[in-house]
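Subject: Structure for you to look at

Hello,

I am passing on a structure that you have not seen before. Please open it first; my notes follow below it.

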Amino acid sequence: MSKTILYILLYAAFNVSGAALIKWQLKGKSLETIGEWLKLMLNLPFVAAFMLIVFSALAFFKALSTNNFSLIIPIATGINFILTIAVGYYLFQDRLSMLSFVGFILIITGIIVLSINNQAHA
């Protein structure tokens, strides 16, 4: 399971880093013209962000090859959500409502329960 977690963490780190870099590149852009889209897509940080997202997919595929589908998908999605919330909060000053915070706690609880359940059946 430790290699599986490593691949899941790589997936989440690459995915959220790529998305955050794209978000950063989108600041102040409306993307209403083809020229704006082309300028974005030919921008080196955007290309790097896209490559990070490709690497995240590769790490995700590797994680899927190591364990049960019904375990990998929820844990990977949960960790990705947690990292997304953290990056949004610290880099983009996103704020969590009380309902969002409750959802965050439920995600963490779900990951813990899935992990304990998997260890009990290993």
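A term to begin with: a residue is buried under 20% relative accessible area, exposed over 50%, and partly exposed in between, with a 1.4 Å probe and protein chains only. Areas are from the Shrake-Rupley method with a 1.4 Å probe, and for residues only the protein chains shown count as cover.

This is a predicted model, in which local features need pLDDT of at least 70 and side-chain atom pairs count only at pLDDT 80 or more, while totals for chains, interfaces and linings use all residues. Residues are numbered from 1 along each chain as its sequence is written, and side-chain values use heavy atoms, with hydrogens and water left out.

Overall, the protein has 5 helices and 0 strands; helices (H or I, at least four residues) and strands (E, at least two) are DSSP runs, numbered from the N terminus. Of its 122 residues, 26% count as buried. The C-alpha atoms fill a box of roughly 55 × 35 × 20 Å along the principal axes.

Leu31 lies in the loop between H1 and helix H2 (34-41), and Gln93 in the loop between H4 and helix H5 (98-120). Gln93 has a relative accessible area of 49%, so it is partly exposed. Leu31 is buried because its relative accessible area is 18%.

On the surface, Leu44, Val47, Phe50, Met51, Val54, Phe55, Leu58 and Phe61 form a nonpolar patch with about 760 Å² of accessible area together. A salt bridge is a side-chain nitrogen of Lys or Arg within 4 Å of a carboxyl oxygen of Asp or Glu. Met51, one of the patch residues, is in helix H3 (residues 44-66). Its relative accessibility is 37%, so Met51 counts as partly exposed.

Regards

Key. Patch = residues over 30% accessible without salt bridge, like charges linked within 9 Å, V, L, I, M, F, W, Y side chains within 5 Å.
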